[in-house]
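Please read it alongside the sequence and the model.

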Amino acid sequence: MYLTHLDCPRCGKEHAADRLQNLCECGSPLLARYDLPAVAKAVTPERFPLRPADLWRYREVLPVADPRHVTTLGEGWTPLLRAPAYGTEIGISDLMVKDEGLIPTGSFKARGAAVGVSRARELGVERIAMPTNGNAGSAWATYAARAGMGATIVMPLEAPSICRRECVAAGADLRLIDGLIGDAGRRVAELIAESNGAIFDAGTLREPYRLEGKKTMGYEIVEQLGWQTPDVIIYPTGGGVGLIGIHKALHELRELGWIGDKLPRLVAVQSTGCAPIVRAFAAGEDRAQPWADAHTVAFGITVPAPLGDELILAALRESSGTAVAVDDTDILADLRDFAAREGLLLCPEGAACLTAARQLRAGGWIRAGERVVVLNTGAGLKYPDTVDVSGVPLMG
């Protein structure tokens, strides 16, 4: 294994990687670091096509030492699809969609769960707990079951009902709460405190290895483009782990010498009903203030106070990117328009990225001829209410 240590991006303190870790003492998430010069000597890009088509093809930059602890359902290597009809309509001739809806449990959350559960298993964890807006809970419950590990999942009542059913099917201890993800997080903290160390906190960015699973989206995009980078990557941002992970992957790839110095501009997309990152970015701030009365049809990005706010904002500014808030009405319209033109039903979070792409192209921020990758983070079928069928006639 090439994992060397964990470090704190806020205070710079290094932490050992051979034992369980949550946040740094200063309150910041920790980041996994690798001996990248040694990785570059051990493997070259030409080797990857010979490996299985899953995220574990990048095992040298993943944190699991013993392959016996790898917990997998075949996650990763999702398609990068061209969208010429919709792209032409909005003025982006080279528009591509990375479709995470085809991953196990129907969302990109399975990436973080696969790596996070595998590493937790390797370090001796017997039960994890986490708050969730839905998809992360169902993914971690599923992979915990696969690993023979217990899972306690706390989920808002308004989360997609299918996620609730997935957790129950996986044998998780599911708790529902009448509130938002922050309220669920407080309940998880209470449960962990009451457990006297028997439950490990696997909440978003509260352990360092979910991020390592998510970063494989960045590795895949680059490999699928022939070890080239797109000009822009657009990502729906709630907790922001995927965006932070892609940013981390791109920097690792550059240090490995597998891509050049020019990196994509990253775009964080939020809803006008919950846009703490957009507000902080526009104000030039390094931290985001909690968003009051958060609500959006894109439930997965309803995160009023993301723990990784500093890392999200740093990734946007370091990549010369931006942050955009889009309206729910536009999200649903673009979801329908894209499905009618391209034959792919996106999740509302993915559709929000299309709305952002359309608006950024209209405003000139995305330039003509640029290659743009949009992340569709989940299967549209998990959100059936996004398509209104009440007007469909009944034939006699």
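Helix 4 and helix 5 are roughly parallel to each other, a label given to angles under 35 degrees. This is a predicted model, in which local features need pLDDT of at least 70, side-chain atom pairs count only at pLDDT 80 or more, and totals for chains, interfaces and linings use all residues. Residues are numbered from 1 along each chain as its sequence is written, and side-chain values use heavy atoms, with hydrogens and water left out.

**Helix 4 with helix 5**
- The axes of helix 4 and helix 5 (residues 161-169) come within 8 Å and cross at roughly 15°, and the crossing is left-handed.
- On the helix 4 side the contact (heavy atoms within 4.5 Å) is made by Asn-135, Gly-137, Ser-138 and Ala-141, and on the helix 5 side by Cys-163, Glu-166 and Cys-167.

**Helix 3 with helix 4**
- Helix 3 (residues 109-122) and helix 4 have axes that come within 9 Å and cross at roughly 40°.

**Asn-135**
- Asn-135 lies in helix 4 (residues 135-147) and is buried, with a relative accessible area of 10%, where buried means under 20% with a 1.4 Å probe and protein chains only.
- Its side chain makes a polar contact with the side chain of Lys-382 at 2.7 Å, the term denoting a pair of N or O atoms within 3.5 Å, one able to donate a hydrogen and the other to accept it.
- Not counting residues up to four places away in sequence, Asn-135 touches Ser-107, Lys-109, Cys-163, Lys-382 and Tyr-383.

Conventions
Helix = DSSP H or I, 4+ residues; strand = E, 2+ residues; numbered from the N terminus. Buried < 20%, exposed > 50% of the residue type's maximum accessible area, 1.4 Å probe, protein only. Axes fitted to C-alpha atoms, helices over the stretch in contact; angles between N-to-C directions. Parallel < 35°, antiparallel > 145°, perpendicular 65-115°, else oblique. Left-handed = near helix turned anticlockwise from the far one by under 90°.
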